[in-house]
Amino acid sequence: MAHTDPSQKSTSPWIIAIAAMMLFSMFFGAGNLIIPPIVGVESGEHFLPAILGFISTGVLLPVLAVIAVAITGNDVQDLARRGGRIFGLIFPILAYLSIGAFYALPRTATVSFSSAVTPVFGWESTGAAAGFSAVFFIIAFLMCLDPNGLVDKLGKYLTPALLVLLAILIVLAIFTMDHGTGQASGDYATHAGATGFVNGYLTMDSIAALAFGILVVSALRHKGMPAGPKLVRGVGLSAIIAGVFLGVIYLGLGYIGNFIPNGSGYQDGAALLADAAAQTMGTPGTIVFGLIVLLACLSTAVGLLGATSEYFHKMVPKVSYRAWLVIFCLISCAVSTTGLETVLAIAAPIVGFLYPPAITLILLTLIEPLVRRRLHWTFVLALAVATIWAALMTLASLNVGASLITPLIGWSPGHSQDLGWFLPTLIAAVIGAILDLAGGARKGVPLGGESISEAEARTDAGETEAAR
C-alpha cells in the first residue's frame with residue numbers, strides 16, 4: 001500500500017482553496033464595495049487606467065503583503081521592528097487603529113446604514129444613523145464576547161452568498177441598464193492611473209494583510225504545511241487566487257459606476273450600488289442585497305473589533321479585553337454617525353501617511369531573500385525616509401506649514417499625485433543596501449518561519465547543488 005507524503009498532502013488544492021477563501025473573506029469588507037463604483041464614476045472615459053491603478057494597491061499590494069508576512073513568518077510587530085525600535089512600536093499601533101476605530105470599523109456601520117436601511121426605509125437623518133450605529137455596535141460587542149461560533153458560521157455562508165449576489169448584480173447591470181459614461185473629473189482627468197493607485201489605499205487591505213496575514217500562515221501550518229519555501233509558495237498561491245477574485249469584482253463594480261446614469265449624483269458608492277440593485281432586481285433585490293451587506297459588514301466589524309482589542313490588551317494588559325471592546329465600540333459609533341463622506345475625509349490623511357512606509361516595508365521584505373543577504377540599514381534608512389516624507393506630505397495636504405513644506409518636498413517626481421515619496425525612499429534604500437553589503441551581511445534569509453540556522457543550511461545546500 002502506497003503511503004502519501006505529508007508534504008504533498010499539505011499542499012493539496014483543497015487546502016489552498018480554503019486558505020484562498022479565508023484570505024478573500026479577510027480582504028472583502030465595506031470599502032471593497034463602495035470605493036470601486038466611485039472610481040468608475042469619477043474616472044469617466046479614463047476608466048481603464050484608473051481601475052488598473054486602483055487594482056495595483058487594492059489587489060496586487062495586499063497579495064504581496066501576505067507573501068511578505070509568509071516570508072518572515074512573523075506578525076506585523078516583528079515585521080515593523082526591521083525599521084528600528086520607534087518604527088516598530090508606532091507603526092503597528094497606527095495600523096491597528098486605522099483598520100479599527102479610526103476608519104475601517106466606523107465604515108462598516110455607515111456602509112450598512114447606506115446599503116440596508118436608507119434604500120428600504122428612506123431614513124437619512126443623523127439621528128437615524130446614530131441609532132442604527134448604536135444598535136450595530138452593541139450587537140458587534142456581544143458577538144465579540146464569543147466570536148468563534150456565530151462569526152464563523154456567518155463567514156462560511158455570507159461570503160459565498162455575497163459573491164453570488166454581486167455576480168448577479170454585475171451581470172444584470174451590464175446587460176440591462178442604460179450605459180452613459182460621463183467625463184472624468186478631478187485628478188482622474190489628468191492622472192487617472194496615479195489617482196486610482198492612491199485611491200486604492202482607502203480599501204486598507206494592505207494594512208489589514210500586514211496585521212492579519214499571520215493568521216493565514218498559522219492556518220496552513222496547522223494543516224501540516226512545513227515551514228520554509230513550501231509554506232511561502234502555499235500562502236502565495238492562496239493569495240494570488242484570492243486576489244484574482246477580488247480584482248474581477250473590482251472591475252465589475254467599477255464598471256457599474258462608470259456607466260450608471262447620473263453617476264455623479266450619488267453621495268457614495270453604497271447608495272449607487274443600492275440603486276443599481278433596485279434597477280436590476282427590484283425591491284426584493286434591494287432588500288436581499290442590503291441584508292447580506294449588513295451581515296457581511298457586521299461579521300467584518302466583529303473580526304476587526306476582536307483583533308484590535310486583543311492587540312491593545314496585549315500592549316496594555318492592565319486594561320481588559322472587554323474594556324478595549326467598549327472603548328473601540330464607543331469611538332467607532334461616534335465616528336460613524338458623521339456619515340460616510342466624513343469618515344472618508346477623516347481617514348484620508350491617516351491612510352496617506354501609513355501607506356508609503358507600508359509599501360516600503362512590503363517591497364523590502366520581498367527583495368531581501370532575492371539578494372540572499374540579511375539587510376539592516378536598507379530597512380532602517382528606507383523606512384525612516386518613507387515615514388518622514390509621508391508625514392510632510394500629510395501635513396502639507398492639511399495646510400499645516402504648507403508654505404514651508406511644499407518647496408522642501410515638491411521637487412520630487414510624482415509629488416502632485418502624492419507619489420513624491422518614492423524616489424527619496426529608493427535613494428535611501430540604495431544607500432542602505434551599499435552599507436549592508438559593505439558590512440558583509442550574513443547569508444541565509446529565513447523563509448516561512450525558519451530559524452537562521454535552518455535558512456543558512458538551506459542556502460549552503462542550494463549553493464553546493466548549484467556548484468555541481
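So, the protein chain has 19 helices and zero strands, where helices (H or I, at least four residues) and strands (E, at least two) are DSSP runs numbered from the N terminus. Bear in mind this is a predicted model: local features need pLDDT of at least 70, side-chain atom pairs count only at pLDDT 80 or more, and totals for chains, interfaces and linings use all residues. Residues are numbered from 1 along each chain as its sequence is written, and side-chain values use heavy atoms, leaving out hydrogens and water.

Of the 468 residues in the chain, 51% are buried, meaning under 20% relative accessible area with a 1.4 Å probe, protein chains only.

Which residues of α14 are buried? They're W324, L325, F328, C329, S332, C333, V335 and S336. Seen down the axis of α14, these buried residues fall within an arc of 160°, so they line one face of the helix. The arc is taken from the directions from the helix axis to the C-beta atoms.

Now, a lining. For the second largest pocket, the lining residues divide into 22 nonpolar, 19 polar and five charged. Here Ala, Val, Leu, Ile, Met, Phe, Trp, Tyr, Cys and Pro count as nonpolar, Asp, Glu, Lys and Arg as charged, and the others, Gly among them, as polar. Helix α15 gives the most to that lining, with 10 residues.

Technical notes: Buried < 20%, exposed > 50% of the residue type's maximum accessible area, 1.4 Å probe, protein only.
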